[in-house]
Amino acid sequence: MDKTQYSELSGTAPEERISEDHHTSDYEADFDESVTELTHRARAPNGRAHSNARSGSVNGLKRHLSEWAESSSRKDAAHEEGEEYEQLLDPNLPDEETIELHRIDSASLASFDDETGSKAGEENSPYEEVRAAVRNYDEDLPCNTLRAWTIGLTLVLVGASMNTLFSLRQPSIGLGSLIAQIIAWPLGRAWAKVMPERQINIFGLRCDLNPGPFNIKEHSIIVVMASVSFSVAYATDILLAQLVFYKQNFGILFQLVLTVSTQSLGYGIAGMMRKFLVYPASMIWPGNLVAVALMNAMYEKHQAPDPSIIGGSMPRYRWFGLVTLASAIYYFIPGYFMQSLSVFAFATWIAPQNPVVNQLFGGTTGLSLLPITFDWTQIAGYVGSPLMFPWHAIANTTIGVVIFYIILSTSFHYTGVWYAQFLPMSDSSTYDNTGARYDVSRILTPEFTLDEEAYKGYSPVFISTTFALSYGLSFAAITALIVYTFIHHSKTIWAQYRNSTNEKPDIHMKLMQKYREAPSWWYFSLFAIVLVLAFVSVLAYPTNLTWWAFLLAVGISFAFSLPIGIIQAVTNHQIGLNVLTEFVYGYIQPGRPLALMLFKTYGYITMSQALSFVSDLKFGHYMKIPPRTMFMAQVVATTVSCFIQIAVLNFALGNIEGICDLTQPQRFTCPGGRVFFSASVIWGLIGPARVFSPGEIYSGLLVFFIIGAIAPIIFWFAARRWPKSPAKYLMAPLIFGGAGSIPPATPLNYLSWGIVGYVFQYLVKKRHFRWWSRLNYLTSAGLDLGLALGTLVIFFIFTLNEIEAPRWWGNNVVSGTLDYQGKAVQVVLPPGETFGPEAW
């Protein structure tokens with residue numbers, strides 16, 4: 001059967017289904033936050049379709065998707081009988097409700113055609129989780145509409161500008177694409193009700209001002225535009241380090257060219273990878289399944305109110321609005337009127353000048369052994385809302401924080417490891433051998449490279465205990481993820497990769513064949529244009545990055561995109577290249593801090609952006625969005641967001657007094673830029689050979705590479721030896737890398753996040769599942785959006801007009817502590833004395 005016939009047959013849905021969908025997209029329907037209206041179909045062993053009532057129940061599917069989106073796996077067919085499979089699950093998920101990724105062998109896959117589909121009732125994906133979340137039919141709905149572009153670009157403007165501004169705060173907060181997905185729904189409905197039904201001319205094109213009811217494809221385009229634009233460009237941290245800390249300014253044109261090139265270079269790689277990472281059914285991209293299921297649920301039929309739960313008798317969007325309003329109003333208390341509620345470290349108020357008390361109980365530069373906060377910023381700022389993560393991920397991350405950042409940090413710090421008695425417990429700054437901030441100007445040449453003689457006459461670099469441990473944990477996370485992926489997913493990855501090269505098109509690929517594909521030359525042309533821009537940013541300015549080193553960085557991104565993309569498409573885990581790129585460049589061309597930052601960005605973010613774009617392409621594939629429309633939406637939104645982010649960054653640097661100072665009253669301390677600057681000093685200016693090589697101060701951290709490789713093997717053996725013990729829930733990559741935002745985050749952020757996550761994602765989910773399935777995610781989105789709105793009001797009304805917060809005990813008690821001042825150090829040397837090695 002040829003492609004046309006496949007498309008024609010597969011794209012024809014049963015008549016009653018189409019009529020039902022037209023009925024259920026009626027505007028009287030309320031938003032169904034849970035995806036419990038979706039039906040989970042499973043195939044019986046004999047090939048006949050049957051309805052799995054338990055797996056497809058109202059209370060099961062959201063759990064299945066959220067758990068599987070974080071850790072999905074399937075054992076090989078040869079091991080199906082007589083052997084328990086090790087799968088990381090939420091501890092409160094009953095074993096009988098587990099759903100696994102069912103991979104069919106080559107023979108079964110080859111027979112998964114129209115004949116088999118007709119036997120099963122209708123053709124569907126060969127993968128059970130995809131069947132549970134993604135519709136196996138397409139509807140002819142307009143998506144490339146004026147309404148979608150207007151709402152999408154408006155949200156790009158709002159989201160990109162707010163996230164850029166908020167990224168300068170500590171803790172930073174951010175709006176995700178879920179917020180855009182929720183906000184776009186009432187905006188689209190309002191447009192459909194208010195706008196007249198007529199056509200207008202825009203640049204000679206005839207556009208429908210109101211193309212009819214707001215539909216799921218328009219909504220999907222808006223979400224894609226938000227997805228590619230809401231994340232703050234990695235390049236902004238380069239610019240902060242350059243402008244604020246190195247006092248080097250190449251001008252606005254350099255900023256724009258650098259940001260556009262780093263954000264968009266990955267499109268070319270994404271276009272080349274479509275054949276391997278988007279088209280095959282075996283490349284599932286589990287992170288998309290929850291988003292797809294949620295999107296479909298928003299257009300499913302009305303779910304009746306549930307008066308038995310709090311908020312269950314009101315429409316979901318009313319609940320969302322009330323939570324948003326309450327969150328915005330409440331933030332004025334910890335954010336303005338009583339700021340001590342944000343970091344409620346009362347022990348430091350009792351002994352504000354005791355360094356040990358401030359180190360142990362402080363929430364700013366301490367370990368926060370009593371993690372108390374009444375500020376959603378501290379809970380969700382660095383990690384994201386704990387209401388969005390499955391409990392097993394929260395538990396593993398919290399275990400890592402307690403073991404390494406509480407127990408091990410305390411042990412190392414108070415035994416003098418790395419000269420810790422002369423340094424703070426937890427911050428992201430670099431220090432010299434007098435305990436002062438490292439003065440990079442003393443070891444820089446006029447060309448912004450390392451002056452080795454000046455370095456030998458000044459000081460080696462020192463960092464806080466948690467900062468040093470964070471590098472060791474990043475080493476461990478790399479090897480742990482590689483070994484963990486090999487142990488748990490290697491067979492699945494290899495089998496699905498083999499399927500991806502020879503499998504027939506599944507139902508979703510067949511449905512997409514009726515749309516014109518975005519030609520490869522579009523991606524190649526964009527790649528060539530952006531590559532030229534990248535060369536301009538690297539070579540037209542004194543960055544000290546050579547042309548061949550730049551090409552090496554791009555080559556690293558390209559070489560790793562496919563293998564890491566396959567791992568992410570199957571397991572939802574991405575192996576980061578940031579530490580690898582720092583290692584490579586730090587050894588081949590040490591002494592060039594700006595060049596190191598550029599090399600890391602082009603070598604790491606190019607791949608990361610490429611896989612992000614590929615993930616969005618798979619989302620569009622599932623939602624049946626025409627590929628050419630997807631291409632335009634992604635490229636336009638990404639480019640526009642770059643200009644917005646640079647404009648907001650320069651506005652903030654020019655209008656916020658004391659910005660990037662550690663004691664800035666509104667906490668605009670530039671945490672990301674500060675960490676980036678410190679990393680550039682360690683890896684770029686001084687170089688890893690002088691920091692981590694054998695015999696150097698921090699050489700012991702290299703043992704974490706070995707620890708990270710061994711830990712997954714130990715957990716695997718423990719789970720097999722004691723299959724009913726908690727060992728089966730341990731996930732080494734999360735234990736080592738889950739708290740990757742420390743620093744600039746602190747243990748307070750992660751511990752409070754873990755406590756709230758335990759309440760909602762374990763207790764509430766287990767005991768009040770009907771409330772959780774109906775309102776949990778809307779509550780999360782409302783808290784995030786309300787916090788953002790409250791922060792904006794305080795910023796524009798009070799900060800820009802230089803209106804200070806009330807001066808009273810509730811605001812002043814924090815500023816008098818060593819924790820807040822960043823001076824909680826046990827031993828302060830008198831002038832003229834130094835610590836550390838005698839030679840370096």
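Which side chains meet in a salt bridge at 2.7 Å, N to O? They are those of D140 and K514, and this pair is taken up in one of the close-up views described below, all of which show a predicted model.

**Figure 1. Overview of the predicted protein and its secondary structure.** The model is a prediction, and its chain of 840 residues is 61% buried. The fold contains 34 helices together with 6 strands. When contacts between residues at least 6 apart in sequence are considered, 81% of them join residues at least 24 apart. A search of the whole structure gives 11 salt bridges, and it also holds 9 cavities of 30 Å³ or more.

**Figure 2. Close-up of the salt bridges made by K514.** Side chains of opposite charge can pair when their charged atoms come close. The side chain of D140 meets that of K514 in a salt bridge, with 2.7 Å from N to O. Because D140 belongs to the loop between α6 and α7 while K514 belongs to the loop between α22 and α23, this pair ties together parts that are 374 residues apart in sequence. K514 also meets the side chain of D138 in a salt bridge, here with 3.2 Å from N to O. D138 lies in the loop between α6 (128-133) and α7, and K514 in the loop between α22 (507-512) and α23 (520-539), so this pair ties together parts that are 376 residues apart in sequence.

**Figure 3. Close-up of the salt bridge between E517 and R274.** The closest N and O atoms of E517 and R274 are 3.1 Å apart, and the two residues form a salt bridge. This pair links distant parts of the chain, since E517 sits in the loop between α22 and α23 whereas R274 sits in helix α12 (residues 266-277), 243 residues apart. E517 is partly exposed, with a relative accessible area of 31%, while R274 is buried, with a relative accessible area of 5%. Elsewhere, salt bridges that share partners join D138, D140, K217 and K514 into one network.

**Figure 4. Close-up of the second largest cavity.** Rolling a probe the size of a water molecule over the atoms shows where empty space is left. The second largest cavity holds about 110 Å³ of space. Its lining includes V134, R135, Y137, D138, E139, L141, I216 and K217, and also N296, Y622, M623 and K624. The elements that contribute two or more residues to this lining are α9 (216-229) and α26 (593-623). Sorted by class, the lining of this cavity has 6 nonpolar, 1 polar and 5 charged residues.

Figure 5. The elements that give two or more residues to the lining are α7, β4 (205-208) and α27 (627-655). By class, the lining residues of this pocket divide into 9 nonpolar, 4 polar and 3 charged.

Figure 6. T629 is found in helix α27 and is buried, with a relative accessible area of 9%. Leaving aside its neighbours within four places in sequence, T629 is in contact with C143, N144 and I221.

Figure 7. When residues up to four places away in sequence are not counted, T466 touches L367, Y405, S409, M425, S426, D427, I742 and P743. The C-alpha atoms of T466 and I406 are separated by 9.2 Å, although these residues are 60 residues apart along the chain.

Note on methods
Residues are numbered from 1 along each chain as its sequence is written. This is a predicted model: local features need pLDDT of at least 70, side-chain atom pairs count only at pLDDT 80 or more; totals for chains, interfaces and linings use all residues. Side-chain values use heavy atoms; hydrogens and water are left out. Helices (H or I, at least four residues) and strands (E, at least two) are DSSP runs, numbered from the N terminus. Ala, Val, Leu, Ile, Met, Phe, Trp, Tyr, Cys and Pro count as nonpolar, Asp, Glu, Lys and Arg as charged, and the others, Gly among them, as polar. A salt bridge is a side-chain nitrogen of Lys or Arg within 4 Å of a carboxyl oxygen of Asp or Glu. Buried means under 20% relative accessible area, exposed over 50%, partly exposed in between (1.4 Å probe, protein chains only). Contact means heavy atoms within 4.5 Å. On a 1 Å grid over the protein atoms alone, a cavity is a set of points where a 1.4 Å probe fits but cannot get out, and a pocket is an open set with protein on both sides within 12 Å along at least five of seven lines; lining residues have an atom within 4 Å of a point. Grid points are joined across faces, edges and corners, and a volume is the space filled by probe spheres set on the points.
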